[in-house]
Every structure is written in structure tokens, then in C-alpha cells.
Amino acid sequence: MTLHIRFDNSYARLPDRFFARQAPTPVARPALLALNAPLAESLGLDPAALAGPEGVAVLAGNALPDGAEPIAQAYAGHQFGGWVPQLGDGRAILLGEVVASDGTRYDIQLKGAGPTPFSRRGDGRAWLGPVLREYIVSEAMAALGVPTTRALAAVASGEEVLRETALPGAVLARVASSHIRVGTFQFFAARGDNEALSLLAQHVIARHYPQAAGALDLLNAAVAGQARLIAQWMGLGFIHGVMNTDNAHVGGVTIDYGPCAFLDAYHPAKVFSSIDQYGRYAYANQPQIAVWNMAQFASCLLPLIAPDRNTAIEAATESVNKFDQLYEYAWLSTFRAKLGLARAEAADAALIQALLDRMAALGADFTRTFRGLADGTARAEFAEPEAWDSWQTDWTARLAREGRSPAEAAAAAARANPGVIPRNHRIEQAIAAAVAGDFAPFHRLNAALARPFDPAPEDAALAAGPAADEAVRRTFCGT
Ligand code: AMP
Ligand code: MG
């Protein structure tokens with residue numbers, strides 16, 4: 001079975017200063033760990049060919065398929081607010097782009113494929129843990145309907161990587177509608193390279209916002225995309241963990257799953273990431289951080305928005321300022337749906353907030369409480385059930401005004417509130433088992449996460465919250 005990939009590499013046709021040409025570094029003994037056959041098919045790739053020796057060699061970076069033009073993309077970024085003029089793909093190599101059956105252009109990238117000119121002091125590799133974590137969480141997000149990069153395959157390298165200890169190495173084949181970040185624009189803006197900015201803006205418009213007429217439209221669309229995306233994250237209790245501008249996708253796509261985590265017990269100030277000492281990227285801070293990131297994007301686009309700087313600043317400021325309203329609208333729509341509501345009422349924000357406040361005060365599980373609105377089990381999530389009872393009275397009255405029967409409301413809530421999410425303790429258990437050579441928990445978790453709104457009875461254990469001794473308090477970067 002020969003592997004045939006119809007590459008059409010538009011990014012590699014941009015000027016040389018956008019990237020470094022860099023082939024993946026082969027690994028010792030590649031072995032396929034997971035292959036996403038439906039995704040492969042949607043890209044016009046034959047899953048059987050990908051799973052064969054030639055395909056696995058490509059997925060590991062040991063062979064280059066015809067038409068690939070491997071590059072490491074250049075970008076900069078603000079990390080925890082601190083400016084870094086050059087980051088770039090230090091452990092990821094873009095093989096090229098394919099146009100899928102839906103007409104969308106997708107990058108195929110290998111993460112952990114060896115050093116590049118942007119590796120700085122890193123080894124360009126990844127260990128199994130973050131590869132499986134990104135595989136699980138990005139595919140779960142896709143099944144939950146959140147724009148995200150996807151996982152095409154995971155391959156064991158047969159090599160060890162050195163972190164605090166020696167760990168098994170792996171490569172993730174990642175697919176995305178692009179890997180262009182706010183930091184990609186910042187890279188050129190910081191160098192005063194307006195020609196590159198203009199080419200990059202045209203590239204992003206063609207790929208993500210074909211209806212946009214120019215840089216201001218592009219900014220408006222990116223701001224709207226971020227507002228919708230962050231509202232989806234909030235609705236799922238998702239904490240990205242490292243919302244640096246180099247991890248902020250300009251196409252409104254979730255990218256770079258590192259120390260990300262889903263809430264178990266709800267608290268707005270929750271932080272999991274071990275490196276986020278001051279809680280900059282806490283759950284409830286995510287909308288504000290998105291605005292900050294969009295302001296950085298806006299400042300990069302100024303020379304393209306208008307020749308006069310003050311005129312450009314005025315237009316860009318207005319665009320970024322629209323975030324709050326767009327976010328508020330998206331957040332309300334998201335949480336109304338979670339409450340099983342179809343129509344809008346002025347007091348809905350207060351009703352939603354009242355539930356969240358009670359959940360925070362009593363440490364109720366985020367996912368189970370909302371799913372409980374559909375299943376009739378929410379009360380059990382509250383250590384003091386009276387807190388639920390008083391809210392339920394208001395909710396029931398609100399549903400009655402909607403003219404929806406309790407059964408209709410429950411059915412609507414079941415479509416908006418997943419039963420199964422990638423719980424931190426389940427991810428860690430799957431990784432620990434995989435490191436010990438047992439991939440069954442990883443595959444079982446992926447299978448359950450593929451149908452989050454319709455969990456099978458046998459997935460009840462995966463829908464449960466962590467026992468006290470299972471709860472994960474810290475998550476780590478994906479290096
Ligand atoms: P991230 O944590 O994915 O946001 O990565 C931040 C920066 O560090 C990016 O430029 C990465 O390419 C780089 N980086 C992370 N891990 C490694 C590694 N193992 N080797 C080389 N570069 C890395
Ligand atoms: Mg990153």
C-alpha cells in the first residue's frame with residue numbers, strides 16, 4: 001500500500017524569512033500508537049497506508065513523503081506578559097498542507113520531530129505523556145464542537161528523552177487549519193517588516209476569513225473568533241493554561257495543549273499549571289487575556305489598517321473593544337443552552353451567575369452539575385442541597401416562562417452539557433498505563449470522549465469526578 005499525500009504548500013511559498021527549511025530527524029524504532037482513521041480519510045489519506053511501514057515512517061519523521069516541504073515556522077510572543085522576540089517551532093516541523101474534502105486547507109505537522117534552528121536549548125523532542133495528553137484533549141475538544149487542532153497519529157520513537165528522568169519519546173502528527181499565531185505577526189511587527197505583515201495578513205485572510213476585505217476586517221473577525229472560542233472553553237470548564245501570544249491562534253482555534261485542564265470542582269480562580277505562579281491564566285481570567293492577546297494582534301496590524309497611525313489606532317481600538325460585547329453574547333448563549341433555555345430574558349445572566357456562585361461556594365463539580373440539569377442528578381453535586389433547592393425554584397419558574405416542559409428542557413440541556421470530558425486524573429492514569437506498556441486505558445478514554453453528549457453506560461466511571469486521592473492539583477508543560 002503506497003502512501004499518497006496531495007500536498008499543496010502555500011506557507012512554504014512565502015518568503016524565506018517566514019520559516020527555516022528543516023527536515024525531521026529520524027527516530028530509532030518508530031511504532032504506531034494511535035491513528036485517527038476518520039480524520040485521515042477526511043484529508044484524503046488512506047488509513048491503511050498510514051498504518052503500514054511506509055506511513056509510520058512518515059508519521060515518525062523517518063521518511064519524507066513526495067511533495068512534502070518540511071519547515072519550522074518563525075514566530076515571537078509574549079510569554080506570561082514578557083516579550084520574547086524569537087520563539088518559533090522548536091520541536092515541530094510542518095510537512096506541508098493538504099486540501100480536505102470540505103475544501104479547507106490543513107497543515108500536517110509533526111510535533112517532537114527533532115531540533116530546528118528555533119530549538120534554543122531544547123532537544124526538539126517530546127515524551128509520550130504530552131503527546132498522549134494532546135491527542136486525548138484535542139480530539140475531545142473536536143468531539144465537543146470546539147475549534148481545535150486535531151491529532152492524526154501518535155508514534156513511539158523507540159528512543160528515550162531526558163527530562164527530569166529518562167522517558168519514552170513520541171511524535172504527534174497534528175493537523176490544523178493553520179498554525180498561525182498572534183506571535184507570528186509579532187515576529188514581523190517587531191522587525192518593522194511591513195511587507196511580511198502584509199503577506200501574512202493576506203495568507204490568513206485566504207485561509208481563515210475569505211470574506212475579509214482587509215486588515216481591519218481580519219482583526220474584527222479574529223476578535224469575534226476569540227470571543228466565541230473562549231465562551232466555548234468557559235462553557236466546558238476548560239483552562240488552556242498557557243495563553244501566551246505564541247499560543248493564540250489568529251483563526252479562533254484552540255492550539256498548543258500543554259498544562260491545560262478541565263475543572264473538576266468549580267472555582268473561577270482555578271489554576272492547574274505548575275508554571276502559572278500568579279494565576280495569570282486562571283479559568284476566569286481567560287476572556288481578559290484573550291482581549292490582551294487581541295490588543296497585541298491589533299498593534300501588529302496597525303501599519304496595514306491605515307497609513308495614518310492615529311487613524312489606525314482608533315479603528316483597531318474600536319475593534320478590540322468589541323470583544324467584551326461579543327464575548328458576553330457568546331457566553332450567555334452558551335450558558336443559556338446549558339440551562340436548557342431557548343429564549344433570552346434580561347435576568348438570565350443573574351440566574352446563571354447564581355448557580356455558578358453556589359457551585360463555587362460548595363465546590364460542586366462543573367461538568368456533573370450541568371449534566372445533572374439534564375439527568376436530574378444536579379442536587380447530589382451540592383454538599384448543602386438547600387443551595388441547589390433555592391436555585392432550582394428560580395430555574396423551574398424560568399423554564400415555565402419559556403413554555404418548555406421539564407422533559408424538553410432536560411433534552412436540550414443534554415445536548416449542551418457533556419457527560420464525559422477528559423478528566424485530569426483519567427488522562428494521567430491513561431499516560432501512566434501507557435508508559436508501563438498498556439494502551440488500553442488510553443484507547444478506552446478516546447472512545448468514550450468521541451461521544452461526549454451520549455455516554456455509554458459502561459463509561460459511567462469516566463464520567464465520575466476524581467476520588468479525593470485521585471484529584472490532580474498540578475499540570476505540567478508539554479515539553
Ligand atoms: P509551548 O510550551 O508549546 O508554548 O512552547 C514554547 C516554545 O518553546 C516554542 O517555541 C517551542 O517550540 C519551544 N519548545 C518547547 N519544548 C521544546 C523542546 N523540547 N525542544 C525545543 N523547543 C521546545
Ligand atoms: Mg506553543
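Reader: Let's start with a residue I clicked on: in which loop is Phe-80 found?

Author: Phe-80 sits in the loop between β4 and β5 (82–84). Strands (E, at least two residues) and helices (H or I, at least four) are DSSP runs, numbered from the N terminus. Before we go on, this is a predicted model, where local features need pLDDT of at least 70 and side-chain atom pairs pLDDT 80 or more, while totals for chains, interfaces and linings use all residues. Residues count from 1 along each chain as its sequence is written, chains are lettered from A and ligands numbered from 1 in the order written, and side-chain values use heavy atoms, without hydrogens or water.

Reader: What is the phi of Phe-80 near, and how accessible is the residue?

Author: Its phi is near 50°, a positive value in a residue other than glycine. With 30% relative accessibility, Phe-80 counts as partly exposed; buried means under 20%, exposed over 50%, and partly exposed in between (1.4 Å probe, protein chains only).

Reader: Which domains does the assignment give, and how far apart are their centres?

Author: Domain bounds come from an automatic or database assignment. Here domain 1 covers 11–176 and domain 2 covers 182–331, with centres 23 Å apart over C-alpha atoms. Contact (heavy atoms within 4.5 Å) involves 35 residues of domain 1 and 39 residues of domain 2. The area buried between them is about 3,000 Å², with carbon and sulfur atoms giving 61%; this is the accessible area (1.4 Å probe) that two parts lose on being put together, summed over both. On the domain 1 side, Arg-17, His-78 and Phe-80 lose the most area to domain 2, together 23% of what that side buries.

Reader: How many salt bridges cross that interface?

Author: The rule finds five between domain 1 and domain 2. It asks for a side-chain nitrogen of Lys or Arg within 4 Å of a carboxyl oxygen of Asp or Glu. Asp-256 pairs in this way with Arg-174, their closest N and O atoms being 2.9 Å apart.

Reader: What does Ala-248 touch?

Author: Leaving out residues up to four places away in sequence, Ala-248 touches Ile-180, Arg-181, Val-182 and Asn-293. It lies in the loop between β11 (238–239) and β12 (261–262) and is buried, at 5% relative accessibility.

Reader: How many salt bridges does the structure hold?

Author: There are 24. One of them joins Arg-336 and Asp-348 at 2.6 Å, N to O. Arg-336 is in helix α9 (residues 309–338) and Asp-348 in helix α10 (residues 348–362), so the pair ties together parts 12 residues apart in sequence. Both Arg-336 and Asp-348 are buried. Another joins Glu-345 and Arg-398, with closest N and O atoms 3.6 Å apart. Glu-345 is in the loop between α9 and α10 and Arg-398 in helix α12 (residues 385–402), so this pair ties together parts 53 residues apart in sequence. Glu-345 is partly exposed at 25%, whereas Arg-398 is buried at 2%.
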